[in-house]
Amino acid sequence: DVTVLYTKDKDIYFYDEVVNQVSIFSTTAISSNPMMLLSGNDESVWNDYNVTRDGDRFTLTPVSGSDIQSLTISFVPEAKSKGSVQLLESLTLRMDDGNTNFYLFTKQSANAADEKFDFKLPKDVEVDDQR
């Protein structure tokens, strides 16, 4: 399924076009989620995870109890990256309930126009506001 992740101010929007639903979260409410490591620079969040590296793949496991078992971040190998920016290849999020979410990044660009950051939700979208 195609999912759009969009941040604006202190909110994060996850839009699932298949079910035409957007879930909105406050960045402060999910600050302990390892996905926040990709969108912020708060060093205290990094202290909550052990990080291991295997080539271009990094695995983060929580230091203490969490409903997230691990987050694996894979980068496009430098030899295949565009320019000087190393791009994300995929994310794998393993949950304690046995579910695994895999995100494959395609059609990436190291440079994006400002209008790419102004995401408009469809008028008939169902809103799940978790703020």
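The side chains of D11 and R131 meet in a salt bridge, with N and O 2.9 Å apart. The term salt bridge refers here to a side-chain nitrogen of Lys or Arg within 4 Å of a carboxyl oxygen of Asp or Glu. The D11–R131 pair links distant parts of the chain: D11 belongs to strand β2, while R131 lies in the segment after β9, 120 residues apart. Helices (H or I, at least four residues) and strands (E, at least two) are DSSP runs, numbered from the N terminus. Side chains of opposite charge can pair when their charged atoms come close.

R131 also forms a salt bridge with D129, where the closest N and O atoms are 2.5 Å apart. D11 is buried, at a relative accessible area of 15%, whereas D129 is partly exposed, at 40%. In these terms, buried means under 20% relative accessible area, exposed over 50%, and partly exposed in between (1.4 Å probe, protein chains only).

## Basis of the description

This is a predicted model, in which local features need pLDDT of at least 70 and side-chain atom pairs count only at pLDDT 80 or more, while totals for chains, interfaces and linings use all residues. Residues are numbered from 1 along each chain as its sequence is written, and side-chain values use heavy atoms, with hydrogens and water left out.

## The four-stranded sheet

Four strands form an open sheet in the order β1-β2-β3-β9, and their pairing is mixed. Two strands pair if DSSP finds at least two bridges between them. Strands β1 and β9 (126-129) stand at the edges with a single partner strand each, so one side of each is left without a neighbour in the sheet. The twist averages 20° from one strand to the next; axes are lines fitted to C-alpha atoms, for helices over the stretch in contact, and angles run from 0 to 180 degrees between N-to-C directions.

Strand β1 (residues 3-8) runs antiparallel to β2, and six bridges join them. Y6 has Y13 as its bridge partner in β2, and V4 stands opposite Y15 in β2. The two strands form a hairpin with two residues between them, and D9 in the turn has a positive phi of about 55°.

## The five-stranded sheet

Another open sheet consists of five strands in the order β4-β5-β6-β7-β8, with antiparallel pairing. Its edges are β4 (49-54) and β8 (100-104); each has a single partner strand, so one side of each is left without a neighbour in the sheet. On average, neighbouring strands of this sheet are turned by 15° against each other, direction ignored.

Within this sheet, strand β6 (residues 68-75) and strand β7 (residues 88-95) run antiparallel and are joined by seven bridges. L71 has L93 as its bridge partner in β7. Strands of a sheet pair through backbone hydrogen bonds, either parallel or antiparallel.

## Aromatic pairs

There are two aromatic pairs. Rings of Phe, Tyr and Trp (its six-membered ring) pair if their centres lie within 6.5 Å; planes under 30 degrees apart count as stacked, over 60 as edge-to-face and the rest as tilted. F14 and F25 form an edge-to-face pair, 5.8 Å centre to centre with 75° between the planes. F14 lies in strand β2 (residues 11-16) and F25 in strand β3 (residues 21-26), so the pair ties together parts that are eleven residues apart in sequence. Both residues are partly exposed, F14 at 31% relative accessibility and F25 at 23%.

F58 and F75 also form an edge-to-face pair, 5.9 Å centre to centre with 85° between the planes. Because F58 lies in strand β5 (residues 57-62) and F75 in strand β6, this pair ties together parts that are 17 residues apart in sequence. F58 is partly exposed, with a relative accessible area of 24%, and F75 is partly exposed at 23%.

## Nonpolar cores

A nonpolar core is a set of buried Ala, Val, Leu, Ile, Met, Phe, Trp, Tyr and Cys residues joined through side-chain atoms within 4.5 Å. The largest has nine residues: V45, Y49, L60, I68, L71, I73, L91, L93 and M95. Strands β6 and β7 each supply at least two residues of this core. A second, separate core has six residues, including Y6, Y15, V22 and V125.
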